[in-house]
Amino acid sequence: MGDEDWEAEIIKPHMSSYVPVFEKERYSSGANGDTFNRTPASSSEMDDGPSRDHFMRSGFASGRSLGNRDAGESSKRENTSTVGGFGVGKSFGNRGFSNNKFEEGDSSGFWRRYQDGNDSEASGSSRRGGRGGFRGRSGGFGLGSSNSEYEQDEGMQRAGGLFGSRRPTLSGAGNGDTYQNRSGSGSGRGGYKGLNEEVITGSGKNSWKSEAEGGESGDTQGPKVTYIPPPPPEDEDSIFAHYQTGINFDKYDTILVEVSGHDAPPAILTFEEANLCQTLNNNIAKAGYTKLTPVQKYSIPIILAGRDLMACAQTGSGKTAAFLLPILAHMMCDGITASRFKDLQEPECIIVAPTRELINQIYLEARKFSFGTCVRAVVIYGGTQLGHSIRQIVQGCNILCATPGRLMDIIGKEKIGLRQVKYLVLDEADRMLDMGFGPEMRKLISCPGMPSKEQRQTLMFSATFPEEIQKLAGEFLKSDYLFVAVGQVGGACRDVQQTILQVGQYSKREKLVEILRNIGDERTMVFVETKKKADFIATFLCQEKISTTSIHGDREQREREQALGDFRCGKCPVLVATSVAARGLDIENVQHVINFDLPSTIDEYVHRIGRTGRCGNTGRAISFFDPESDNHLAQPLVKVLSDAQQDVPAWLEEIAFSTYVPGFSGSARGNVFASVDTRKGKNTLNTAGFSSSQAPNPVDDESWD
Ligand SMILES: Nc1ncnc2c1ncn2[C@@H]1O[C@H](COP(=O)(O)OP(=O)(O)OP(=O)(O)O)[C@@H](O)[C@H]1O
């Protein structure tokens with residue numbers, strides 16, 4: 001489809017197809033397009049308005065938002081309401097599809113911001129600033145400053161309650177005023193928005209905002225979050241449901257593993273060698289695990305030996321079990337007190353992860369491996385009713401799986417005491433320590449009652465560990481922590497066949513459709529860089545009759561979970577996602593990942609493509625490389641491709657060469673060349689399962705290379 005056809009295409013009546021399947025009933029009953037008619041015209045007036053539901057209902061379902069594109073219509077709307085929202089009418093309809101300025105941008109506020117990158121998943125501040133102005137008009141918030149993200153930040157309030165002063169300005173942001181809560185009801189979203197997925201792009205660098213910063217709790221002055229996630233199935237078959245390891249599972253054994261640090265215990269080769277209790281062994285068998293992956297071979301004995309650990313292993317290679325199994329083994333061995341109802345729970349283990357869906361997945365793994373034991377795992381995360389989290393906790397909690405913001409909320413409410421914490425796990429640790437979540441994590445370890453690093457065991461896992469983040473980790477880990485690197489730190493999974501196509505921004509949609517039509521019904525994740533774009537592309541694909549759903553931070557939690565569910569079960573074989581889905585998600589049968597937009601860092605690329613090719617299965621990743629915007633990635637891409645023994649296109653090498661930056665390996669963009677432990681304790685290379693060794697004494701920075 002050419003760009004010229006875009007407008008015509010987008011206003012076809014079947015646009016309603018993007019209304020998620022699960023929403024259709026609701027939309028068809030309540031939708032009438034009214035809301036849209038009351039949508040103010042300028043982007044700065046769209047903040048307080050209708051939810052994306054409205055967007056779908058009135059804009060898409062009726063085609064009105066997309067049809068009402070002329071200035072006259074816009075100004076009419078401007079006069080009629082202050083309720084309209086989210087750039088539905090104007091931003092989307094006018095600037096988005098109608099005149100095909102989707103990627104060109106124009107002088108309107110929205111598109112300027114969009115172009116600047118400030119409207120990206122990764123942004124938030126300026127967008128919110130714009131909204132602030134509108135809020136002011138509607139009697140709410142009225143800030144309009146680019147700092148307004150903090151002003152409306154429940155996390156900050158929460159943090160204030162716990163650690164310092166509250167920000168009084170937040171109050172106005174309350175009910176539905178936040179961008180996140182366009183729905184008015186505020187349900188679910190709770191301003192979590194930016195949280196685990198927003199990046200402040202002013203500097204062009206990823207810096208994920210913490211969940212706390214987005215104010216996920218819904219318990220302070222923010223909107224009431226009412227969403228209660230459905231309980232997971234309780235039957236044993238569901239608990240132990242798993243997918244098959246792939247043909248390359250055995251090849252894991254050939255991956256080089258490097259252990260650095262002193263006195264590392266030897267790797268184990270089999271589950272039996274771990275000497276786990278019978279119940280755990282039964283659960284492992286029921287989960288279909290017969291053989292250890294390399295990261296498990298090394299990490300399990302290290303954790304069992306009580307050592308702190310930073311472990312880096314390729315995506316989909318079993319890091320979750322690598323920390324859960326030894327922790328559970330210890331707990332069983334130590335004879336933890338069986339969980340029971342108490343107003344203040346004192347978990348022995350806290351696991352944190354950057355996204356809600358990921359922490360939920362980790363919880364399900366914890367529940368699976370602790371099946372039939374007295375260990376009770378609980379999950380709490382933003383976008384859900386706080387009362388629900390509290391009710392889960394007070395029933396007993398040995399392992400608490402939490403997103404950072406919700407965790408701090410619950411600690412602040414004195415439902416969780418930290419004195420008994422023996423294990424602190426940071427999954428996706430590089431993300432948990434970066435500018436977005438790092439401050440929250442630091443608050444956590446300095447919370448009253450939290451055992452010092454000498455008194456607890458701290459475990460960090462990720463597929464990527466940029467040098468600069470490794471350095472920050474020292475604050476959390478004992479100085480003698482061990483570092484396990486399976487393969488190249490930050491390297492891509494070799495089971496993913498990577499293809500980089502040079503595609504200019506105006507050809508991307510056409511190319512995407514062509515690829516998806518060839519793929520057929522195979523499950524595919526399509527990554528885009530911004531939340532709005534995720535909506536645009538999902539809508540576009542539905543219009544092309546490709547059954548699609550989407551996940552991003554502007555969707556309510558209920559919608560996010562439903563989208564993931566629809567994708568998992570194959571109802572919607574295409575999932576358009578922002579980076580919120582880049583890390584950790586383990587979805588069976590994802591055969592393809594398409595980077596419609598490349599991410600801003602190479603680490604993010606590695607995580608995204610790691611949604612396929614998991615656990616020895618093969619997968620394919622196709623990335624659209626736009627020389628207008630992606631040249632900075634050429635060099636690291638060449639490195640990642642060649643390390644993973646993939647073909648490197650000549651044109652990419654040329655770009656990489658022409659944009660060569662000496663000393664690139666030290667780049668803050670996500671350093672794939674940080675091949676080892678930054679303490680410089682270089683170690684001998686080992687084939688997984690055959691030995692481990694010890695590091696020499698750390699050496700000076702200068703001598704490292
Ligand atoms: N030893 C094993 N045998 C069989 N399956 C396993 C084994 N270990 C892990 N798995 C399965 O492999 C899949 C990927 O594991 P997991 O999600 O822990 O990977 P990960 O390394 O954490 O990936 P990511 O870096 O993307 O977070 C899961 O479905 C898990 O149940």
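Let me begin with Thr 549, whose bridge partner in β12 is Leu 575. That bridge belongs to the pairing of β11 with strand β12, residues 574–577, which run in the parallel sense over 4 bridges. Helix α26, residues 557–568, packs on the sheet there, touching β10 (523–527), β11 and β12, and the direction of α26 makes about 135° with that of β11. Please keep in mind throughout that this is a predicted model.

Now let us step back to the sheet as a whole. In what order do the 6 strands of this open sheet lie? Reading across, the order is β9-β14-β13-β10-β12-β11, and the pairing is parallel. At the edges we find β9, residues 496–502, and β11, residues 548–551, each of which pairs on one side only. From one strand to the next, the twist averages 20°.

The next element I would like to look at carefully is helix α29, which spans residues 650–658 and has Leu 652, Ile 655 and Ala 656 as its buried residues. Why do we say that these residues line one face of the helix? If you look down the axis of α29, the buried residues fall within an arc of 100°, and therefore they line one face. As a general point, an α-helix has 3.6 residues a turn, so residues three or four places apart point the same way. Turned away from the buried side of α29 is a face that carries the exposed residues Ala 650, Glu 654, Phe 657 and Ser 658.

As for annotation, the UniProt record, an unreviewed entry, gives a domain named "Helicase C-terminal" over residues 511–656. Over those residues the chain is 40% helix and 18% strand, with the end C-alpha atoms 24 Å apart.

The chain averages a pLDDT of 72, and 62% of the residues score at least 70. Over residues 665–675, however, the pLDDT is below 50, although this stretch has 31 contacts in the model beyond near neighbours in sequence. Residues 681–705 likewise stay under 50 in pLDDT, and for them the model has 56 contacts beyond four places in sequence. The model scores ipTM 0.99 and pTM 0.72.

Methods:
Residues are numbered from 1 along each chain as its sequence is written. This is a predicted model: local features need pLDDT of at least 70, side-chain atom pairs count only at pLDDT 80 or more; totals for chains, interfaces and linings use all residues. Two strands pair if DSSP finds at least two bridges between them. Helices (H or I, at least four residues) and strands (E, at least two) are DSSP runs, numbered from the N terminus. Axes are lines fitted to C-alpha atoms, for helices over the stretch in contact, and angles run from 0 to 180 degrees between N-to-C directions. Two residues are in contact if their C-beta atoms, placed from the backbone, lie within 7 Å. A residue is buried if 20 or more other C-beta atoms lie within 10 Å of its own, exposed if 12 or fewer, and partly exposed in between; C-beta atoms are placed from the backbone. The arc is that of the directions from the helix axis to the C-beta atoms. UniProt positions are given in the numbering used here, feature names are shortened, and annotations may be inferred rather than shown by experiment. pLDDT is the predictor's confidence in each residue, from 0 to 100.
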